[in-house]
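Hello,

Here is the structure you will be working with.

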Amino acid sequence: MNSIIHKSPLQYVEKELQLISLDPLVMFDQKGIILDVNKATIQATGRSREELIGTPFADNFTYPERAYKGAMLVFETGEVRDYELVLKARDGTETIVSYNASVYRDQTGQVIGAFAAARDITQRKHAEHEIQNLQRYNRGLIEASLDPLVTFDHKGSILDVNEATIQATGRTREELIGTPFADYFTDPERAYKGAMLVFETGEVRDYELVLKARDGTETIVSYNASVYRDQTGQVIGAFAAARDITQRKHAEHEIQNLQRYNRGLIEASLDPLVTFDHKGSILDVNEATIQATGRTREELIGTPFADYFTDPERAYKGAMLVFETGEVRDYELVLKARDGTETIVSYNASVYKDQTGKVIGVFAAARDITERKNAEIALSESKAELDLIFQIAADAMCVIGADFNIINVNKAFIRLVDMDEDEIIGKKCYDIFSGELCHSEDCPLKKIKKGEQFVERESVKRRSDGTEIPVIVNAARFDRMGKFVGIVEDFKDITERKHDEQEIQNLQRYNRGLIEANLDPLVTFDRKGIIMDVNEATIRATGRSRRELIGTPFSSYFTNPEKAYKGVKLVFETGEVWDYELVMMGRDGTKIIVAYNASVYKDETGQIVGAFAAARDITERKKAEIALNESKAELGLIFQIAADAMCVIGADFNIIKVNEAFIRLVDMDEYEIIGKKCYDIFSGELCHSEECPLEKIKKGEQFDEHESVKKRPDGTEIPVLVNAARFDRMGKFIGIVEDFKDITERKYAEQEIQYLQQYNRGLIEVSLDPLVTFDRKGIIMDVNEATIKATGRSREELIGTPFANYFTDPEKAYKGVMLVFKTGEVRDYELVLKARDGTETIVAYNASVYKDPTGKIVGVFAAARDITERKKSKQELKETIKRLEAYTGRVNSLMVTILEEISDIRTNTVILDLTGMAPDIDVSDPLVNITRYSKLLGATCIITGINQKTVRRISDLGVKLTPVTTERSLEEGLRYTIAVIIEENDNER
């Protein structure tokens with residue numbers, strides 16, 4: 001039997017003692033060579049006992065080097081706990097395991113090997129990874145936002161902010177948190193009302209405020225806010241996001257000015273001006289047209305353009321000719337008024353397009369040429385000059401002759417140079433308004449003389465009084481009767497814009513730090529189109545590592561490299577490129593349609609050093625363009641919602657249009673859906689209520705977002721995220737566009753996470769020992785119920801206070817806190833816990849740090865074990881040892897050695913072999929005490945070689961010596977000891 005135990009102890013234990021572990025168990029020597037395995041190891045590795053024994057323990061893991069270090073660490077420290085490895089089976093299956101190992105010794109105490117047990121923690125690691133990903137994702141979303149994000153409570157006090165808020169306000173996170181949200185706006189009362197409105201209505205959209213920074217900077221922002229709830233549905237705060245709309249407001253103002261200006265130009269024209277569509281139906285007219293036709297605007301709009309001429313057929317052909325050729329010049333017609341008056345007119349018309357380049361109509365102007373026939377030559381030159389000035393359409397303008405003499409200027413130019421007109425006309429242009437290009441080959445006049453038609457550039461011009469003004473210069477060729485006369489120059493004062501550009505550059509440098517947070521592929525490349533840097537999203541999209549990408553041509557990763565390279569060149573020629581469509585191709589052949597937006601970036605000296613390009617996956621958008629080309633407004637709206645299943649619902653609740661995803665979602669054919677009521681096709685709890693998105697948007701809301709459980713006609717219920725937006729056509733309310741995101745999987749994941757959280761909380765609360773987590777300053781972050789009972793204080797009273805405050809020696813407790821962060825863990829650190837009522841409890845604290853996913857230590861988890869009784873037992877032990885001093889020889893030495901070993905090194909099992917010892921009082925009494933105190937100190941005492949007389953003697957004294965073997969040999973005691981150890985290890989798992 002001894003030979004079997006020595007050669008294959010695990011096999012012997014499984015066979016003889018029937019202790020078969022579900023976890024893989026391995027024994028290996030000091031070189032890491034496997035000595036024995038159990039059946040669970042054979043199953044986990046897919047290898048037989050014969051294949052495993054004699055091979056390196058480390059060969060069965062994905063990282064053999066780490067496994068070998070773990071194996072050697074056992075021999076250095078005596079044991080290893082919760083050492084993570086990845087077990088690799090013969091068939092390639094990988095299992096994440098937690099290894100616990102300890103050394104074992106021969107009878108002389110010599111270490112001869114190690115015993116290791118693995119616990120499968122794959123599911124636990126996946127759950128932890130999922131929770132960490134969710135936490136990183138949520139925080140990443142907040143911090144990745146370029147917009148300031150804030151959470152505040154029912155009183156409007158700030159609970160949390162992101163980095164963008166810190167930058168926008170010029171205050172630290174510590175200064176902001178806990179202060180009133182409304183204090184950081186120029187109108188705190190309006191800001192407070194907006195904050196409270198969120199709790200009244202559930203959300204606030206496009207609420208305009210003016211954010212005020214510490215340095216006095218004011219920023220117009222659009223605040224969007226919504227409440228958030230706990231798991232019970234109770235509103236616990238609001239989440240608000242600010243979008244800087246300063247530029248947009250300025251742009252809107254500029255657009256309004258341009259619209260008024262353009263309308264003013266149209267109405268100021270003495271000539272009839274008309275716009276009409278592809279069918280020749282009038283869309284708009286000016287006052288001159290009303291006067292010329294004798295009809296009101298309402299009578300004209302919507303009627304055929306050709307109806308107001310003596311020859312409608314010729315007029316219709318002229319209208320259609322514009323769409324064929326793009327423009328028509330000097331097309332003569334006879335305009336017929338309501339009163340019969342006829343006027344000979346020369347029509348000039350050209351198409352106008354939307355932003356995609358699609359022709360959407362014609363702009364036509366009529367000039368009364370009845371009285372002008374004899375003056376066409378003289379007026380043609382004037383018209384060319386006038387058309388040129390309107391083409392440049394800038395503030396300050398001047399006409400410069402081929403000899404550099406100024407021929408003509410406007411009032412804006414006179415104001416810009418601060419001189420009288422008679423001081424300007426006839427003078428050399430470089431004497432009046434000089435710049436760095438004067439007297440050089442890049443002078444606009446010289447370049448146009450050499451054949452260029454148009455020159456545009458920025459310049460710093462100097463007035464005669466020395467004042468320098470940054471301007472945008474536009475110069476165009478000026479001909480008369482086909483002969484070059486000179487140029488027309490336009491100067492746009494960009495002093496304010498240059499200041500703004502400096503501010504933007506500062507923001508761009510700041511934004512550089514946010515590149516990696518972007519979910520879109522981002523790339524920087526040099527003038528040759530060679531990649532200099534990429535973000536993680538680019539690595540995922542291309543399926544190539546950063547090392548593979550950097551230094552290679554940007555254009556190589558698209559299906560049309562030539563077009564991609566042209567895009568690279570275009571950005572350096574123009575400074576930026578917007579919505580440049582390409583098809584990105586990954587290593588595995590995956591193709592993604594992307595819209596690339598790129599712009600150059602410069603060093604501090606203003607030198608262009610490269611381009612920054614961002615790709616947005618527009619694959620789905622491109623598909624939607626084909627299906628949803630009904631109108632530009634509808635297309636933009638659908639892209640704004642950007643969800644999976646979409647439908648357009650009319651004001652009467654009838655479904656107008658759906659996409660393929662919606663058809664699949666409701667599992668019906670399209671003809672069964674179109675024209676039906678939305679609540680008959682995809683009903684939900686908000687249908688027929690005031691909270692219905694259509695009802696809310698009818699009442700003025702622009703957007704609605706909520707979660708819902710929708711029901712298909714077949715009764716299937718689907719949890720979805722619903723986004724609804726207003727849908728207008730020609731300024732008229734048509735209905736809404738609804739987007740449905742199937743969140744079935746997300747709901748399942750949320751339930752799983754909630755279960756894990758509840759499970760983890762249950763594990764904490766089930767512990768009878770006080771458990772505490774605290775941060776680097778020793779401030780308590782969480783406690784369990786046992787801590788509440790032990791201290792006599794509520795969770796609210798404990799959290800946020802110093803951990804050290806609850807001990808009789810706070811200084812020693814604080815040192816223990818700092819020791820954990822220094823060494824990573826603390827074991828059996830004795831303290832005296834002091835409750836509210838004065839009760840003192842001796843505890844042994846065991847603590848270890850815990851880290852975030854980056855490996856950064858964020859806090860400590862500490863557990864206290866009440867050792868009051870153990871301390872008393874130890875004291876009694878000392879007293880017993882004193883009493884045993886009267887005994888001599890072998891008994892005295894045995895008593896002292898065993899009990900001190902149990903107390904000092906926490907031995908779990910003790911074997912007393914009394915073979916050959918006489919059964920006198922000097923033996924029996926110490927055995928009684930050893931057994932009693934071993935049990936109090938947590939050790940199992942096994943006695944071998946004891947005769948029946950001694951057993952009866954001890955039993956008569958009322959002491960239960962369990963277990964006591966019925967055999968009298970040391971071998972039987974060892975067998976029993978092995979059984980006890982294995983059983984305890986299984987119970988610990």
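The charged end of Lys 812 is placed over the ring of Tyr 829, 5.6 Å from the ring centre. A charge sits over a ring if NZ of Lys or CZ of Arg is within 6 Å of the ring centre and within 35 degrees of the ring normal. Lys 563 likewise lies over the face of Tyr 580, at 5.6 Å from the centre of that ring.

This is a predicted model, in which local features need pLDDT of at least 70 and side-chain atom pairs count only at pLDDT 80 or more, while totals for chains, interfaces and linings use all residues. Residues are numbered from 1 along each chain as its sequence is written, and side-chain values use heavy atoms, with hydrogens and water left out.

Overall make-up

The chain has 37 helices and 38 strands. Helices (H or I, at least four residues) and strands (E, at least two) are DSSP runs, numbered from the N terminus. Of the 989 residues in the chain, 39% are buried; buried means under 20% relative accessible area, exposed over 50%, and partly exposed in between (1.4 Å probe, protein chains only). Of the contacts (heavy atoms within 4.5 Å) between residues at least 6 apart in sequence, 45% join residues at least 24 apart.

Aromatic pairs

The whole structure holds 33 aromatic pairs. Rings of Phe, Tyr and Trp (its six-membered ring) pair if their centres lie within 6.5 Å, and planes under 30 degrees apart count as stacked, over 60 as edge-to-face and the rest as tilted. One of the pairs is edge-to-face: Phe 774 and Phe 821, 6.5 Å centre to centre with 70 degrees between the planes. Phe 774 belongs to strand β32 (residues 771-774) and Phe 821 to helix α32 (residues 810-823), so this pair ties together parts that are 47 residues apart in sequence. Both Phe 774 and Phe 821 are buried. Elsewhere, ring pairs join Phe 28, Phe 57, Phe 61, Phe 75 and Tyr 99 into a cluster.

Cavities

A search of the whole structure gives 16 cavities of 30 Å³ or more. On a 1 Å grid over the protein atoms alone, a cavity is a set of points where a 1.4 Å probe fits but cannot get out, and lining residues have an atom within 4 Å of a point. Grid points are joined across faces, edges and corners, and a volume is the space filled by probe spheres set on the points. The largest cavity has a volume of about 180 Å³. Its lining has 20 residues, of which Cys 678, Cys 687, Pro 693, Lys 710 and Glu 738 lie nearest the centre. Elements that each supply at least two lining residues include β27 (645-650), α27 (678-681) and β31 (732-742).

Single residues

Lys 871 is in helix α33 (residues 868-884) and is partly exposed, with a relative accessible area of 29%. Leaving out residues up to four places away in sequence, Lys 871 touches Glu 830 and Ile 842. Thr 841, in strand β35 (residues 840-851), is buried at 19% relative accessible area.

Asp 206 has a positive phi, near 50 degrees, in a residue other than glycine; Asp 206 lies in strand β8 (residues 203-212). Asp 418 also has a positive phi, about 55 degrees, and sits in the loop between α15 (411-417) and α16 (421-424). At 54% relative accessibility, Asp 418 counts as exposed.

Regards

Technical notes
1 Å grid on protein atoms, 1.4 Å probe; cavity = no way out; pocket = protein on both sides within 12 Å on 5 of 7 lines; lining within 4 Å.
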